[in-house]
Structure formats: structure tokens, C-alpha cells
Amino acid sequence: MRIGFVGLGNMGAPMAANLAAAGHQLHGFDVSGNAPDGVTLMGDAASAAEAAEVVITMLPDGAVLRAVAAEILPAMTDGSILIDCSTVDVESARAVAADAEARSIAMLDAPVSGGTSGAAAGTLTFMIGGPKAALKHAASLFDVMGARAIHCGAAGAGQAAKICNNMILGTTMAVTCEGFALADALGLDRQALFDVVSTSSGQSWSTSVYCPAPGIGPNSPADNGYRPGFATELMLKDMRLSQDAASTSGAATPIAALAAERYAEFLDDGGEGKDFSAFLPWLAQRS
Ligand code: NAD
């Protein structure tokens, strides 16, 4: 397939490289001027999108997505497919999908979970909103880039699922860190807490797979000096997206709102460039 790929950063570059390695013809664009091996670098986004059967975007946020969509939609072929894999607000995803539909282009919002290691290994999970027929047409591309592609509903449903998932993740990690900080203050051994929680009702991915305490449980960013992993900046972005979505939709999410405020405080107080699980040493130091 001829594929246009716009946004060749930490996630986009390995995803595009995997598609090229699978034999697809890749034309890419990134404002940085960088492209991975196998991707032909074009001078602008519209040239990358021209004549492509599928165009994939992997961009920082909704404002950039809207700007890039305004450039590429007029250049895209009727009947082609736009797949946005960025994490953006639901409104931007729906607005771009409506603009695409007006141009006879099907759009899928397809944000991912799995991070840069999942992008490199081709094991991402895609959460997908938009027409099922477009998903069927592009299924082989999702197979190359990921391990799972879950259809969540109409336009915007993929972003909605991603935002809800990451709100649960961020809030669960914050309270998991509070559990370890409380254990410290009570003189309870962290290993003992892990052994109990990872086999009891307080269990979650944040403890069992991504334990924020170094030297305990499976290997995680805590064992690597809290290098990301998933940077605190990105977690705060997703927590804020969830809170914006909660206020526009009228959902009550008071606990996640508090967690979002604490991540913002942590980011200002040394959290920049660190994995979001470094919330634990930050809390422990404040205890
Ligand atoms: P990144 O900053 O490394 O990549 C974004 C790329 O977009 C950059 O290379 C930037 O130069 C490019 N870009 C910006 N404006 C552009 C424009 N107008 N035209 C063309 N290119 C432009 O970010 P990333 O880590 O690759 O993340 C991309 C998206 O994936 C984000 O929405 C992020 O929230 C989401 N995401 C990231 C991770 C992760 O672990 N990094 C995990 C899941 C989801």
C-alpha cells in the first residue's frame, strides 16, 4: 500500500519503519526534517498525503492535528483513509472526522497504548473510533503496528476510550504511590506490601506490572532511575484531557481531578523528564 505518514517522532518513527519493513511504500513528513530508514521524506505534509491509500498521523495534540488535517485533506484522494494515532481531545477527533467525511475520506481515530517500546516491537494496542469498513480495509496495517485493534464505536470513541483508560491509570498510580508512602511511614516493608497487594484486592497494573518502588516486582522504570517509560508530561496531558472531557460532558470525576492537580505540582517540582511513577519518591520526600 502507498502510505503517507505525518509526525515521525518517538512513536511515529518506529511505527512508520515497521510499515516500511513490511513492504509498504512510505512517504513521510515531520517538521523536524527527520525520517527513519525506509521512509521517503517529503517537503510538506500535503506531498506526503498525496496519492496515498492511507494517511497516518502521529502528532502532539488536537491543535496540531486540526492544522495538519487542513493541509492534507484537500491533497488526499477520494475514498482514501485517514488514521490519526495521536492522543487528542474527543472534539478535535470528531471535527476532523466530519471534515474528512465531507471530502469522501473515511477517518479512524486510533490512539495507542504500549509506549515507545510497543511502537518499536509492533505490539501496540489501538483503540479505534470510526467506520468499521475503514477499519477492515486498514486491518493489515494495524496488524503490522500492533497486537490488538479494538473497535470502540463511532468517530471519537477511540479517543474517549484512551482518555478513560489513562485517567484510570494515572489515578491508580497516584494512589498506589500513596500506599507505598503510607507503608514507609508505618514502618511496613515495601516488599511485604507488594507481596500482599499484588495478590489481593488492591492489585492493579500499577503495582503488578509497573511497580513504582525500585527493586520490587518486575523490572520497571523505577529500576532504571525513573527514566520514561511514560513521561510525567504525557501523563499530565492525558489527565488534563480527561478533565476537559469531564467538564464538557458533565461527568463527575473528582478523584481524578485531584490526581491531575498533584501531577501538575510534581511536574513543577522536579518531575520534568521523569517517568510518572517517580510520583513515589516525590511523595516519600514530602512525607
Ligand atoms: P513526539 O513529540 O516525539 O512526536 C510528535 C512529532 O510530531 C514530532 O516529531 C514533531 O516534530 C512532529 N510535528 C509537530 N508538529 C507537526 C506538524 N505541524 N507537521 C508535521 N509534524 C509535526 O511525540 P510522541 O511521543 O511520538 O507522541 C505522539 C503522540 O502519541 C502524542 O499524541 C502522545 O500523547 C501519544 N502517545 C505517546 C506515547 C509515548 O509513550 N511516547 C504513548 C502513547 C501515546
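What we have is a predicted model, in which local features need pLDDT of at least 70 and side-chain atom pairs count only at pLDDT 80 or more, while totals for chains, interfaces and linings use all residues. Residues are numbered from 1 along each chain as its sequence is written, and side-chain values use heavy atoms, with hydrogens and water left out.

Let me begin with strand β1, residues 2-6; helices (H or I, at least four residues) and strands (E, at least two) are DSSP runs, numbered from the N terminus. Of its 5 residues, 4 are buried, so β1 is largely enclosed by the rest of the structure, where buried means under 20% relative accessible area and exposed over 50%, with partly exposed in between (1.4 Å probe, protein chains only). Two strands pair if DSSP finds at least two bridges between them, and β1 pairs in the parallel sense with β2, residues 25-29, over 5 bridges. Strand β1 is also joined to β4, residues 54-57, by 4 bridges, and these two run parallel. V6 has F29 as its bridge partner in β2, and T57 in β4.

Now to helix α4, residues 90-102, whose 13 residues should span 18 Å at 1.5 Å a residue, the expected span being 1.5 Å times one less than the number of residues. The end C-alpha atoms of α4 are 19 Å apart, which agrees. Which residues of α4 are buried? They are V90, S92, A93, V96, A97 and A100. On the other side of α4, E91 and A102 are exposed. Just after α4, S104 takes a positive phi of about 60 degrees.
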